[in-house]
Amino acid sequence: MQLLSDISSQLQIGKAKVVQELVQQALDQQVPVKDILEQGLLHGMSIVGAKFKNNEVFVPEVLIAARAMNKGMELLKPYYEQSGVESKGRVCIGTVQGDLHDIGKNLVKMMLEGKGFEVIDLGTDVAPETFVQTAMEKDCGIICLSALLTTTMSAMKQVVDAAKGAGIREKVKIMVGGAPVTDEFRKEIGADAYTADAASAAEKALELMESLP
Amino acid sequence: MEVILLKELNLERFWEDEEKAHTNNCFNDEAQIALGIRMSDECVFDELQEPGTPWMPIERERRIELNKRYNDKAERIVGKRLLQENFLPLEAQLPYVKRIGEVFGGQYIYHNETEWLTQSVHGEQELEALLDRVDKLDLRDFLLPKNWEQEKKRVFERFGLKPDLMRHIRGPVTLACSIMGAEDLLFLILDEPDLARRFSDTITKVTLGIAAIMDEEHGTTADETRGFSFADDNCCLLNPAMYELFGYPVLRDVFKVYSPGKTDKRYQHSDSAMGHLLPILGRLDLNGVNFGPTVLVPDIRKHLPNARIDGCLHPMDFMRNDREQIIAQVRRDCEDGLKYNGVNIATAGSINNGSSLNSMRLVMQVIQNYGRRKER
């Protein structure tokens with residue numbers, strides 16, 4: 001459908017206002033909300049994610065595309081329930097305790113939202129127990145941890161341990177990322193997944209969510 | 001897995017050749033590719049298995065003791081004392097001179113034993129107000145403490161020391177990301193390019209202003225003492241058009257004043273994936289760079305023919321002392337060095353605590369195995 005394809009392409013170039021207008025137009029024309037979301041907004045965002053992964057676009061392009069996506073989603077959200085739109089699952093994300101970096105974490109958040117996840121952003125310098133508490137209270141299937149410092153990456157293990165201690169380790173997947181983090185480190189601390197970039201993180205999250213009991 | 005057999009390292013020969021390898025900013029046909037790794041103060045803790053935190057200031061006596069012990073070990077492993085052992089006493093220090101982040105309303109704080117520059121504005125209105133304030137600021141009065149003149153005199157009379165120059169600074173993008181948050185900065189450049197231009201111009205003015213004040217305090221001028229360098233890790237966050245608008249003009253204008261000659265230092269450190277900015281940085285004809293581990297010699301050389309390339313060993317692989325990766329990456333950089341010249345084998349980013357002297361020795365061994373020109 002042309003209108004949905006326009007939403008996707010306008011989102012890809014970050015035209016927030018145009019996306020908003022087109023989404024409203026689609027709603028007025030009774031296009032199913034699920035289609036507007038999936039074939040318009042999320043489709044556009046997934047193309048941006050793929051281009052970002054291939055170094056065809058850079059952080060600003062992702063940022064403005066995400067802004068356009070959010071503008072469109074604002075209009076759709078009131079209709080989610082009646083239209084049977086379900087999120088791909090709930091994720092809580094944050095930068096670990098001691099670390100104030102946020103751009104990597106924010107990029108992953110945007111990519112996750114672009115895949116249809118509901119994301120709870122806990123911000124930076126997040127205590128291990130806050131991750132675990134949030135995962136329990138909000139029924140998150142995945143906890144995403146970010147660290148940019150060699151001195152703070154060890155806090156990731158504390159989150160894994162806290163999840164074990166709270167008895168939710170089997171119910172929740174833990175993903176790690178950030179410049180000093182590697183897959184070897186991920187294995188060492190007993191987390192479930194590591195990815196090197198934000199777009200891959202969102203793809204991995206989809207896989208993990210599907211594997212949850 | 002490929003088993004790599006390296007010839008034993010001849011330490012004496014290595015250091016003899018190493019000295020010559022740095023001639024002409026590492027562009028030469030000397031026997032061996034240059035080594036830029038000299039480790040760092042923070043490495044003492046892991047190497048000596050001593051408690052301590054790498055990024056916090058520590059007492060002078062403890063610093064000297066740790067560095068001496070580290071150097072004893074370094075002498076045995078790599079054949080050289082690497083870290084500084086002479087530190088001036090506390091009385092020789094001048095009082096704190098404020099830094100650029102503080103001019104823009106931020107504060108340098110320690111959080112979790114790491115120094116951070118705090119955010120000072122939220123949104124465009126606050127930024128405009130901040131820039132108005134900075135425009136009216138008496139920079140000298142703001143930067144220098146009240147007791148500056150008497151302390152400067154005391155330190156000079158007692159120790160013969162002049163105030164330090166300010167010729168290295170946090171780069172414009174990294175500074176602006178701290179001051180207003182990374183995402184807000186990106187939106188500012190996209191949505192309000194005129195205000196972003198004004199912000200960039202103000203950064204240039206302040207950078208040149210601080211440098212000129214410290215020149216004067218030291219007793220020199222931009223003409224007499226040349227060279228400038230930037231550390232701008234976050235420049236990778238901008239796309240080329242945005243960097244052209246916001247980051248590039250600052251470097252261009254500062255280098256115009258401080259590095260007008262071909263060999264005057266024009267250096268950029270940004271250990272991130274900023275390869276997409278190379279064509280723009282190429283116009284600055286940088287003569288020294290240290291970029292992130294994904295930005296490799298052939299790409300850099302395409303755009304920066306005169307730059308000494310400090311790199312491109314992944315600092316995290318070096319920190320993990322990953323033998324296989326160190327050999328592969330240093331070998332790659334040696335081969336690129338022989339082909340493109342001007343390579344100084346170093347980590348692509350800062351050296352971290354955990355990087356061992358044995359890994360440095362391994363780097364030296366790889367250079368001696370793969371980074372030698374044919375004997376003349």
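Residues are numbered from 1 along each chain as its sequence is written, and chains are lettered from A and ligands numbered from 1 in the order in which they are written. As the model is predicted, local features need pLDDT of at least 70 and side-chain atom pairs count only at pLDDT 80 or more, while totals for chains, interfaces and linings use all residues.

**Exercise 1. Describe the overall form of chain A.**

Step 1. Chain A contains ten helices and five strands; helices (H or I, at least four residues) and strands (E, at least two) are DSSP runs, numbered from the N terminus.

Step 2. The radius of gyration is taken over C-alpha atoms, and the globule rule is 2.2 Å times the number of residues to the power 0.38. For 213 residues a compact globule would have a radius near 17 Å, and chain A agrees because its value is 17 Å.

Step 3. The C-alpha trace of chain A spans about 50 × 35 × 25 Å along its principal axes.

Step 4. A residue is buried if 20 or more other C-beta atoms lie within 10 Å of its own, exposed if 12 or fewer, and partly exposed in between, with C-beta atoms placed from the backbone. By this count, 50% of the 213 residues of chain A are buried.

Step 5. Two residues are in contact if their C-beta atoms, placed from the backbone, lie within 7 Å. Among contacts in chain A with a separation of 6 or more, 75% come from residues 24 or more positions apart.

**Exercise 2. Determine the strand order in the sheet of chain A.**

Step 1. Two strands pair if DSSP finds at least two bridges between them. In chain A, five strands form an open sheet with parallel pairing, in the order E2-E1-E3-E4-E5.

Step 2. At the edges are strand E2 (118-121) and strand E5 (193-194) of chain A, each of which pairs on one side only.

Step 3. Within the sheet, E3(A) and E4(A) run parallel and are joined by five bridges; A:Cys144 has A:Met175 in E4(A) as its bridge partner.

**Exercise 3. Which residues of H10(A) are buried, and what covers them?**

Step 1. Helix H10 of chain A (residues 198-211) has 14 residues, and at 1.5 Å a residue it should span 20 Å; its end C-alpha atoms are 20 Å apart, which agrees. The expected span is 1.5 Å times one less than the number of residues.

Step 2. The buried residues of H10(A) are A:Ala198, A:Ala199, A:Ala201, A:Ala202 and A:Ala205. They lie on the same side of H10(A), because they cover an arc of only 160° around the axis. This arc is that of the directions from the helix axis to the C-beta atoms.

Step 3. On the other side of H10(A), the residues A:Glu207, A:Glu210 and A:Ser211 are exposed.

Step 4. The cover over the buried residues of H10(A) includes helix H3 (33-53), strand E1 (90-95), H6, strand E3 (142-146) and strand E4 (173-177) of chain A.

**Exercise 4. Trace the sheet of chain B through strand E7.**

Step 1. Seven strands of chain B form an open sheet with parallel pairing, in the order E1-E9-E8-E7-E6-E5-E4. The edge strands are E1 (34-35) and E4 (168-170) of chain B, each pairing on one side only.

Step 2. Strand E6 (residues 266-270) of chain B pairs with E7(B) over four bridges in the parallel sense, and B:Gln268 has B:Val289 as its partner in E7(B).

Step 3. E7(B) also pairs with strand E8 (residues 308-313) of chain B, in the parallel sense over two bridges. Here the bridge partner of B:Val289 is B:Ile309 in E8(B).

Step 4. From strand E7 (residues 288-291) of chain B, B:Gly288 and B:Asn290 point one way and B:Val289 and B:Phe291 the other way; all are buried.
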